[in-house]
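Subject: Structure handover

Hi,

Here is the structure for your ligand work. My notes on the two ligand sites follow below it.

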Amino acid sequence: MPMVYAITPTYARLQQKAELTRLSQTLLHLPNFHWILVEDAPNRTKRATDLLRSSGLSYTHLYALTPEDVKLKPTDSHSSKPRGVSQRNEGLSWIRRHLDPDIHHGVVYFADDDNTYDLRIFAEMRRTKRVSVWPVGFTGGLRYAGPVVKQGKVTGWFTGWNPERPFAIDMAGFAINLKLFFQYPEAQFSNYNVQNGYQESTILLALHLTLDVLEPLADNATKVLVWHTRADYPRLKGESRIQSQLHKAPYYSVEV
Ligand code: UGA
Ligand code: MN
């Protein structure tokens, strides 16, 4: 059975441990799976290290700090800067240094830490010859966006957002056969100088792909097996009040 290598960028925020717990326990169901978790941090953190060690998964733990000038700040509009670029590139570089396409067979999937994944998409993506594609829920300004398929072939994109993109698809909507990364050793995500929403097209164009070779999955792209979910920022309104009364409250500290 071909392997699935999932590259997941992750960064510190209140929801991080919850997201990684949910994702890692989805991944635990998978056979022949290797998780490449890449932290957006200057080093490996204790939080991720502990989580990976106790996860029961086969994994590689990496880190790559997003450069200061392109890092999305809480005051920036969400769409102004690309996320996960340095981390995915670090994952690809690890793959190229540690795997051999003559020995290792499988697919690479870019699995963000906050999406929701049906196990069936992993089972389907294993048979990818070059690149497979499928719809992703809650993307493109729609309930779902994805490839338009006619007679088994991808002919265009169904999306409410920038349909003129060469590959108008979300990161969670495609998987790539491992061998392509060795066939095109320079292919990587653009280091933060492409327009928002063009990261997917950047990597797929760098792998010399065209629409006609794409392999539609999820029943000819008629099923949603991945959702672009995002967790609401937790409301901590009580915290400042509690902190100001700390001398009264019993001391209470847990790892978050
Ligand atoms: C959408 C796409 O689904 C992403 O795959 C794409 O990277 C992103 O847009 C983009 O165009 O930059 P979205 O849900 O808006 O994603 O972004 P996030 O989920 O906030 O971030 C994507 C991944 O990067 C996540 O795994 C997240 O943990 C990670 N990330 C985010 C970092 O590593 N560092 C950050 O500062 C922010
Ligand atoms: Mn997301």
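A polar contact here is a pair of N or O atoms within 3.5 Å. This is a predicted model: local features need pLDDT of at least 70, side-chain atom pairs count only at pLDDT 80 or more, and totals for chains, interfaces and linings use all residues. Residues are numbered from 1 along each chain as written, chains are lettered from A and ligands numbered from 1 in written order, and side-chain values use heavy atoms, without hydrogens and water.

**Ligand 1**

For Arg83 the distance is 2.5 Å. For Asp170 it is 2.8 Å. For Asp113 it is 3.0 Å. The protein covers 94% of the 690 Å² of accessible area that ligand 1 has on its own (Shrake-Rupley, 1.4 Å probe).

The shell around ligand 1 holds 20 residues (a heavy atom within 4 Å). Pro9, Asp40, Arg83, Asp112 and Arg230 come nearest. By class, the shell has four nonpolar, six polar and 10 charged residues; Asp, Glu, Lys and Arg count as charged, and Gly is among the polar ones. Strand 1 (3-10) and helix 3 (85-98) each give two or more residues to this shell. Helices (H or I, at least four residues) and strands (E, at least two) are DSSP runs, numbered from the N terminus.

Asp114 lies in the loop between strand 4 (106-110) and strand 5 (116-117).

Technical notes: Polar contact = N/O pair within 3.5 Å; in protein donor to acceptor, adjacent residues only side chain to side chain.
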